[in-house]
Number of protein chains: 2
Amino acid sequence: MPDQIQNAFRALADPTRRDIVQMLASQDMTIAQLTDCFDMTRAAVKKHLTVLSDGGLIRVEARGRERINRLEPKGMAPVLDWLSFFDQFWDERLRNLKEAIERKET
Amino acid sequence: MPDQIQNAFRALADPTRRDIVQMLASQDMTIAQLTDCFDMTRAAVKKHLTVLSDGGLIRVEARGRERINRLEPKGMAPVLDWLSFFDQFWDERLRNLKEAIERKET
DNA sequence: CATATTCGATACCATTTGGTTTCATATTTA
DNA sequence: TAAATATGAAACCAAATGGTATCGAATATG
């Protein structure tokens, strides 16, 4: 719970994890399914999923012996909040993004 | 120049570097000035500045023996571009939700 | 000129990170 | 029940990371 910003930024710092996020955006996937998409072992993918979960960017649901990994868009909020501190510098794309998520949350 | 997204995300992954970004948002600073704000050596701060520079988030201007570090807002563009894929994610979700509701109503 | 200031660069160190291998556990399925 | 499947977890490893200390170069300043 503490330092959610740090955990989220850290989760996004790895290219494999960003790829996982993109894949989960189009469909929920099990660990085995995700592993098929990468040139690494299931254990490595599992570690990435743990980091993503710590960052609040995904949530995992047990279904039988499988673990369904799905995106948790709300976890992106701390990142967007931090970035929004610089509205004066970055352009308005950020504001639009935030509004999109907040619309969904209500 | 390659992998600007990765360099930018990596630059933002460290709390000290995010603090530096916040400080530079309010005013340009030399390395010595920044060092005064942290409990670490100038060499450590300099390394962070190098990572931030690699990420395109700051630019450094030599002025005499000093190096003025200033924010480079354009460097945030790759990050915001990547994050904007959530827009599409939400649009899709909302579309699916809408379809589900319409199916129910008929 | 002599000295202090500001920075760059390197070597070095402990810890973290991203990966593997291996084995154990839980759940399907034949 | 036995075997196959899907995962968890731990030990281990090389490389990256974040830090230090130290030396040297460039620039102000007395």
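**View 1. The protein surface near DNA strand C, by class of residue and by element.** In this predicted model, the residues of the surface near DNA strand C divide into five nonpolar, four polar and eleven charged. There are 20 residues around DNA strand C, and those that come nearest are A:T41, A:K47, A:H48 and A:G64, together with B:A32 from the other chain. Of the atoms of DNA strand C that come within 4 Å of the protein, 62% belong to sugar and phosphate. Helix 4 of chain A gives the most to this surface, with four residues.

View 2. A base is approached by A:R65, where an N or O atom in the side chain is 3.2 Å from a base oxygen of DNA strand C. The elements that give two or more residues to the surface near this strand are helix 4 (42-54) of chain A and, from chain B, helix 3 (31-36), helix 4 and strand 2 (66-71).

**View 3. The protein surface near DNA strand D.** DNA strand D is surrounded by 20 residues, of which the closest are B:R10, B:T41, B:K47, B:H48 and B:G64. Sugar and phosphate make up 65% of the atoms of DNA strand D that come within 4 Å of the protein. By class, the surface near DNA strand D has eleven charged, five nonpolar and four polar residues. Helix 4 of chain B gives the most to this surface, with four residues, while at least two residues each are supplied by helix 3 (31-36), helix 4 and strand 2 (66-71) of chain A, as well as by helix 4 of chain B.

**View 4. Side chains of both chains at the phosphates of DNA strand D.** From chain B, a polar side-chain atom of B:R10 lies 2.7 Å from a phosphate oxygen of DNA strand D, and an N or O atom in the side chain of B:R17 is 3.2 Å from a phosphate oxygen of DNA strand D. From chain A, the side chain of A:K46 has an N or O atom that is 3.4 Å from a phosphate oxygen of DNA strand D.

**View 5. The crossing of helix 1 and helix 4 in chain B.** Two packed helices are described by the angle between their axes and the distance between the axes. Here the axes of helix 1 (residues 4-12) of chain B and helix 4 (residues 42-54) of chain B come within 8 Å and cross at roughly 145°, and helix 1 of chain B passes helix 4 of chain B in a left-handed crossing. From helix 1 of chain B, the residues B:Q4, B:N7, B:R10 and B:A11 meet B:V51, B:L52 and B:D54 in helix 4 of chain B. The contact between these two helices has three nonpolar, two polar and two charged residues.

View 6. B:H48 has its place in helix 4 of chain B, and it counts as buried because its relative accessibility is 14%, with under 20% as the limit. Leaving aside its neighbours within four places in sequence, B:H48 is in contact with B:D14, B:T16, B:R17, B:I20 and B:M40.

**View 7. B:A62 in strand 1 of chain B.** B:A62 lies in strand 1 (residues 58-63) of chain B, and its relative accessibility of 54% is why this residue counts as exposed, the limit being over 50%. From C-alpha to C-alpha, B:A62 and B:T30 are 9.7 Å apart in space, although 32 residues apart in sequence.

View 8. Chain A has six helices and two strands, which follow the pattern α-α-α-α-β-β-α-α when read along the sequence. Of its 106 residues, 45% count as buried, and in helix 1 (residues 4-12) of chain A the residues A:Q6, A:A8, A:F9, A:A11 and A:L12 are buried. What covers these buried residues includes helix 2 (15-26), helix 4 and helix 5 (77-84) of chain A, and also helix 1, helix 2 (15-26) and helix 5 (77-83) of chain B. Among contacts in chain A between residues at least 6 apart in sequence, 47% join residues at least 24 apart.

How values were computed. Residues are numbered from 1 along each chain as its sequence is written. Chains are lettered from A and ligands numbered from 1 in the order in which they are written. This is a predicted model: local features need pLDDT of at least 70, side-chain atom pairs count only at pLDDT 80 or more; totals for chains, interfaces and linings use all residues. Side-chain values use heavy atoms; hydrogens and water are left out. Axes are lines fitted to C-alpha atoms, for helices over the stretch in contact, and angles run from 0 to 180 degrees between N-to-C directions. A crossing is left-handed if the near helix is turned anticlockwise from the far one by less than a right angle, and right-handed if clockwise. Contact means heavy atoms within 4.5 Å. Ala, Val, Leu, Ile, Met, Phe, Trp, Tyr, Cys and Pro count as nonpolar, Asp, Glu, Lys and Arg as charged, and the others, Gly among them, as polar. Buried means under 20% relative accessible area, exposed over 50%, partly exposed in between (1.4 Å probe, protein chains only). A residue is near a molecule or strand if one of its heavy atoms lies within 4 Å of it. A polar contact is a pair of N or O atoms within 3.5 Å; within protein, one must be able to donate a hydrogen and the other to accept it, and residues adjacent in sequence count only if both atoms are side-chain atoms.
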